[in-house]
Structure formats: structure tokens, C-alpha cells
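Biologist: I'd like to learn how to read helix packing and a few other features in a model. Could you walk me through it?

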Amino acid sequence: MALTGINAYRKGNLKQDIANADPHKLTLMLMQGALDRIAYAKGAMERREYELKSQYISRVTAILINLRDTLDLKTGGETAENLFALYDYMIERLNLAHVKNDLKMLDEVTNLLSPIRDAWVQIPEEAKQEAFEAQRQKRQAV
């Protein structure tokens, strides 16, 4: 009974965090959510809870597709193109890990995504604000 209340509280906090988040924070939340769900998928795989494993891998895949599809390839140039290809590769590895029940492939995706998340955390506040302002101006011009 207490867990239901705790989970409802967490969901409420998550919704509030999302509503108040800037694009940088949302991206960070997505990356961390993907990493968390990979860990959950690994646990489900180890316990042979294949339906649960499938749900977690599907959620990670959806997050990576979202991250990939929101890249601005025109503005981001080679870096955005490389990230696009890397997200594609991670999605392929997740699908293969799902089919083969391969923990090592899940670890590989974690090892690829973690440094991206870590680098994202290190972006200076000034650069975040600059990017947000540039994005806002770009939208107003359209």
C-alpha cells in the first residue's frame, strides 16, 4: 500500500520536473531514463522475466529514437551526424540484445550512452542559455 503512494508521488514529481525543465534538462532526463531502463532490462533478463525485459527495451528504444530524431543535422553538422549514427547503432544493438537475450549487448549500449550523458552534464550554464536563446530565435524567425 505504501509503495503505491510513493510511486504516485514520484510520478507527480516527474511530471512537475518535466513541466519546469528546459530543453537541456529534458535531454538529460531522457538519457538518464534510458540508462535506468537498460539496467531494469538487464535485471529482468537475468530473472528470465522476458515480458518485462521487452517492455524496458522498448522504452529505451523509444527514448533513443526520440533523441536521434530531434537532432538538428543542419546546425549540428558532423557532430549531429555522428550522434545520429551512434543512436542508430545503439537501437540496433538493443534489438539484437532483445532477440538474443544478451546482457553484454545491453552493457555495450550503456557504455556508449553513459559518456554522452556525462558530457551533457558538463555543458556550462552559459552555453546552455546561448543554445536555448538561439533555438528560441530560430523558432521566431519561422
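Modeller: Start with the angle classes: under 35 degrees counts as roughly parallel, over 145 as roughly antiparallel, 65 to 115 as roughly perpendicular, and the rest as oblique. Note that this is a predicted model, where local features need pLDDT of at least 70, side-chain atom pairs need 80 or more, and totals for chains, interfaces and linings use all residues. Residues are numbered from 1 along each chain as its sequence is written, and side-chain values use heavy atoms, without hydrogens or water.

Biologist: At what angle do the axes of H3 and H4 cross?

Modeller: In general, two packed helices are described by the angle and the distance between their axes. Here, the axes of H3 and H4 come within 9 Å and cross at roughly 170°, so H3 and H4 are roughly antiparallel. Axes are lines fitted to C-alpha atoms, for helices over the stretch in contact, with angles from 0 to 180 degrees between N-to-C directions. Helices are DSSP runs (H or I, at least four residues), numbered from the N terminus.

Biologist: Which residues make the contact?

Modeller: Contact means heavy atoms within 4.5 Å. Among them are Ile 57, Leu 64 and Arg 68 of H3, and Phe 84, Asp 88 and Ile 91 of H4. The contact residues divide into 10 nonpolar, 4 polar and 4 charged.

Biologist: With which residue does Arg 68 form a salt bridge?

Modeller: Side chains of opposite charge can pair when their charged atoms come close. The rule wants a Lys or Arg side-chain nitrogen within 4 Å of an Asp or Glu carboxyl oxygen, and the count comes to 6 salt bridges. Arg 68 pairs with Asp 88, the closest N and O atoms being 2.6 Å apart. Arg 68 lies in H3 and Asp 88 in H4, so the pair ties together parts 20 residues apart in sequence.

Methods:
Helices (H or I, at least four residues) and strands (E, at least two) are DSSP runs, numbered from the N terminus. Ala, Val, Leu, Ile, Met, Phe, Trp, Tyr, Cys and Pro count as nonpolar, Asp, Glu, Lys and Arg as charged, and the others, Gly among them, as polar.
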